[in-house]
Amino acid sequence: MPDNVDASEQMVDNWTKQIQETAARYQAMAARMQGQTVTERSKDNNIEVTVDSKGLLTNLVIAEAASGKRMAEVSAQVMRLVQLAQSRIPELLQQAMAETVGTTDETAGRVIAEAQSTFPEAPPEEEPAQAEPERHHRFGPDEEDPPSPPASGSAPSAPPQPKPIPRRRRPQDDDEDDFGGSILS
């Protein structure tokens, strides 16, 4: 019976040692990932984003040259660059794992799969949309289109006059203001 006890103790000691070594390798991998960042730049170098290993935006630089662009275009570029940077995190994680823990471990496979689902590939870059033509809005009592230009040979007509807005008459016995009651009561 003492041989069985000694063998059991040796087996428990081996498991403990193995678990401690694996934990140390995972801690080394986590420490390595802690300082990792990914930076992406727009093609015209007007926008630069940096994300950390958790995918959080840590730096955003927008050059003065971007001020001539539409804000919707700038914000879309920022979001695209953030997604692109985040999509590179699983690759960094896989590289750090290969150098510390190894990628054949079942746990490593699950960690990488979780990172890939959290940070999927960035969508393909869309062609920049053409600027929408400026729209002119007219406000007033009549929302009619302006009259078409006169046919050639006829005299130009005067611009149409706006219709007067009818005024509401107050009853003569109305001594109160327009707010529904006296403030002195």
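Q: Which element is Ser87 in, and what makes a run of residues count as one?
A: Ser87 belongs to helix H2, residues 71-87. Helices are DSSP runs of H or I with at least four residues, strands are runs of E with at least two, and both are numbered from the N terminus. Mind that this is a predicted model: local features need pLDDT of at least 70, side-chain atom pairs count only at pLDDT 80 or more, and totals for chains, interfaces and linings use all residues. Residues are numbered from 1 along each chain as its sequence is written, and side-chain values use heavy atoms, leaving out hydrogens and water.

Q: What does the side chain of Ser87 meet at the backbone oxygen of Leu84, and how do you know that it counts?
A: A polar atom of the Ser87 side chain lies 2.7 Å from that Leu84 oxygen. A polar contact is a pair of N or O atoms within 3.5 Å; within protein, one must be able to donate a hydrogen and the other to accept it, and residues adjacent in sequence count only if both atoms are side-chain atoms. At 2.7 Å the pair is within 3.5 Å, so the distance passes.

Q: Which residues is Ser87 in contact with, leaving aside neighbours within four places in sequence?
A: They are Phe119, Pro120, Glu121 and Ala122. Contact means heavy atoms within 4.5 Å.

Q: Is Glu40 buried or exposed, and how do you know?
A: Glu40 is buried, because its relative accessibility is 13%. The scale says buried for under 20% relative accessible area, exposed for over 50% and partly exposed in between, with a 1.4 Å probe and protein chains only. Glu40 sits in strand E1, residues 37-41. Not counting residues up to four places away in sequence, Glu40 touches Ile47, Glu48, Val49, Leu81, Leu84, Ala85 and Arg88.

Q: Why is the pair of Arg88 and Glu40 called a salt bridge?
A: The name needs a side-chain nitrogen of Lys or Arg within 4 Å of a carboxyl oxygen of Asp or Glu. Arg88 is partly exposed, since its relative accessible area is 35%. Side chains of opposite charge can pair when their charged atoms come close.

Q: How many salt bridges does the rule give?
A: The count comes to five salt bridges. One of them joins the side chains of Glu99 and Arg32, at 2.3 Å from N to O. Glu99 is in helix H3 and Arg32 in helix H1, so parts 67 residues apart in sequence are tied together. Both are partly exposed, because Glu99 has 44% relative accessibility and Arg32 has 37%.

Q: What makes Lys69 and Asp44 a salt bridge too?
A: Their side chains meet at 2.5 Å, N to O, which is within 4 Å, so they qualify. Lys69 lies in the loop between strand E3 (57-62) and H2, and Asp44 in the loop between E1 and E2, so the pair ties together parts 25 residues apart in sequence. Lys69 is buried, because its relative accessible area is 19%, whereas Asp44 is partly exposed at 35%.

Q: Which residues touch the most other members of the largest nonpolar core?
A: Met29 and Met97 do, out of 23 residues in that core. H1, strand E2 (47-52), H2, helix H3 (89-100) and helix H4 (106-118) each supply at least two residues of this core. A nonpolar core is a set of buried Ala, Val, Leu, Ile, Met, Phe, Trp, Tyr and Cys residues joined through side-chain atoms within 4.5 Å.

Q: How many helices and strands are there in the protein?
A: There are four helices and three strands, running α-β-β-β-α-α-α from the N terminus on. Of the 185 residues, 20% count as buried.
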